[in-house]
Amino acid sequence: MEKRKVIIDTDPGIDDTYAIVAALSYKGFDVLGITVVAGNVGLDNCVVNALGVVNLMNADCFVYPGAQTSLNQLDNFETYDLKTSVHGEGGLGSVTLTPDFSKRSETHAVDFILETVKENPGEVEIITLGPLTNIALAIRKDKETMKKVKKIWSMGGGVRFGNRTPVAEFNYWADPEAAKETYALGEDIEINMIGLDVTQQTRFTLDDLFFLQTECGELGALLSEMSNHYTKIYWDSLRITGVVVHDLVAVMLAIDPSLSNEDDIFNRVNLSIEHEGMCRGQTVVQLSPNGMYEDAGPKNANVYMGIDNTAFRKAFIKLCFPKAYPMYIKYIL
Ligand code: BDR
Ligand code: CA
């Protein structure tokens with residue numbers, strides 16, 4: 001089977017780490033590179049974390065540092081003002097990974113994306129797990145090349161609610177202009193939005209985390225430990241136990257879209273992003289059937305609205321911890 005060519009654009013991040021681990025474990029992906037954007041923590045910190053994950057997974061791919069600020073701040077020469085991250089000071093909860101600095105490329109993320117797409121026209125899929133700044137900068141630099149991206153899978157947005165504001169999800173809120181410019185490309189290429197509507201339907205339970213800790217070796221124990229920070233925040237802020245690992249959902253759906261029921265995928269709908277004022281970062285999506293909002297605008301996105309949580313959890317354990325999988329099915333599910 002020919003492998004799918006993939007670039008992961010990310011801001012690690014606890015859930016980004018789960019997502020990168022899954023992408024690197026999947027034999028059907030050829031991960032060509034990991035491009036990094038500031039988001040959950042500052043750029044340098046995210047790069048070090050990405051280098052740590054590459055080392056942990058012994059992966060044969062490079063890490064490409066990208067944008068340090070959002071488009072708007074770049075345009076206005078402002079510095080990035082990061083608020084306290086829900087991912088902890090270093091971005092990975094209480095865990096510190098050992099970076100493999102030999103995997104840090106001198107090429108800027110934007111140039112890497114463009115060069116790779118030029119070399120592989122119509123073949124490269126990009127999975128975005130952070131603010132869309134690198135993607136938008138690549139579009140600004142060479143839109144024709146970006147039209148040759150095969151498809152984008154993007155964790156971000158939310159039709160029904162937000163998590164950074166009542167209406168905006170963090171990644172798109174952090175750089176709404178970039179999200180807007182990226183989705184404008186959706187008229188030419190396939191862009192799949194995997195937003196909070198779908199990610200919030202998933203949950204790793206405390207039993208899952210216990211299982212990772214005790215039965216899934218060093219890697220599982222690290223992921224579980226990393227999640228303690230997240231678990232506390234979910235409990236404190238939402239009074240839910242367990243964790244929602246947003247970015248992992250995007251990777252698992254990119255691997256296998258059938259984790260979502262066909263009725264929960266809204267293909268070729270209009271998606272707009274608000275970039276100002278109280279609704280900054282909000283995704284406005286036309287999900288209603290034909291006829292009601294005919295003037296909604298171009299059909300520029302596929303929007304995922306549901307997922308089978310049990311199938312998602314099973315698929316992750318089976319992919320990343322195949323030896324422990326039978327025990328998971330027997331005792332945890
Ligand atoms: C997104 O925001 C970040 O905190 C996570 O890494 C994820 O990409 C969820 O809203
Ligand atoms: Ca992220």
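1. Basis. The model is predicted: local features need pLDDT of at least 70, side-chain atom pairs count only at pLDDT 80 or more, and totals for chains, interfaces and linings use all residues. Residues are numbered from 1 along each chain as its sequence is written, chains are lettered from A and ligands numbered from 1 in the order in which they are written, and side-chain values use heavy atoms, with hydrogens and water left out.

2. Ligand shell. The residues around ligand 1 (a heavy atom within 4 Å of it) include Asp 15, Asp 16, Asn 40, His 87, Met 155, Phe 170 and Asn 171. The shell divides into three nonpolar, five polar and four charged residues; here Ala, Val, Leu, Ile, Met, Phe, Trp, Tyr, Cys and Pro count as nonpolar, Asp, Glu, Lys and Arg as charged, and the others, Gly among them, as polar.

3. Ligand contacts. Oxygen atoms of ligand 1 lie 2.5 Å from a side-chain N or O atom of Glu 169, 2.8 Å from one of Asn 163 and 2.9 Å from a backbone N or O atom of Leu 129. Ligand 1 alone exposes 280 Å², of which the protein buries 96% (Shrake-Rupley method, 1.4 Å probe; for residues, only the protein chains shown count as cover). Helices H1 (14–25), H7 (170–174) and H12 (246–255) each give two or more residues to the shell; helices (H or I, at least four residues) and strands (E, at least two) are DSSP runs, numbered from the N terminus.

4. Helix H12. Because 10 of the 10 residues of H12 are buried, this helix is largely enclosed by the rest of the structure. Buried means under 20% relative accessible area, exposed over 50%, and partly exposed in between (1.4 Å probe, protein chains only). His 246 and Asp 247 are among the buried residues, and both also belong to the ligand shell.

5. Asp 142. This residue sits in the loop between helix H5 (133–141) and helix H6 (143–146). Asp 142 counts as buried, at 18% relative accessibility.

6. Aromatic pairs. The structure holds 12 aromatic pairs; rings of Phe, Tyr and Trp (its six-membered ring) pair if their centres lie within 6.5 Å, with planes under 30 degrees apart counting as stacked, over 60 as edge-to-face and the rest as tilted. Tyr 18 and Phe 204 are stacked, because their centres are 6.0 Å apart and their planes at 25°. Tyr 18 lies in helix H1 and Phe 204 in the loop between helix H9 (196–199) and helix H10 (206–215), so the pair ties together parts 186 residues apart in sequence. Ring pairs link Tyr 18 and Phe 204 with Phe 312, Phe 316 and Phe 321 into a cluster.

Definitions and conventions
Polar contact = N/O pair within 3.5 Å; in protein donor to acceptor, adjacent residues only side chain to side chain.
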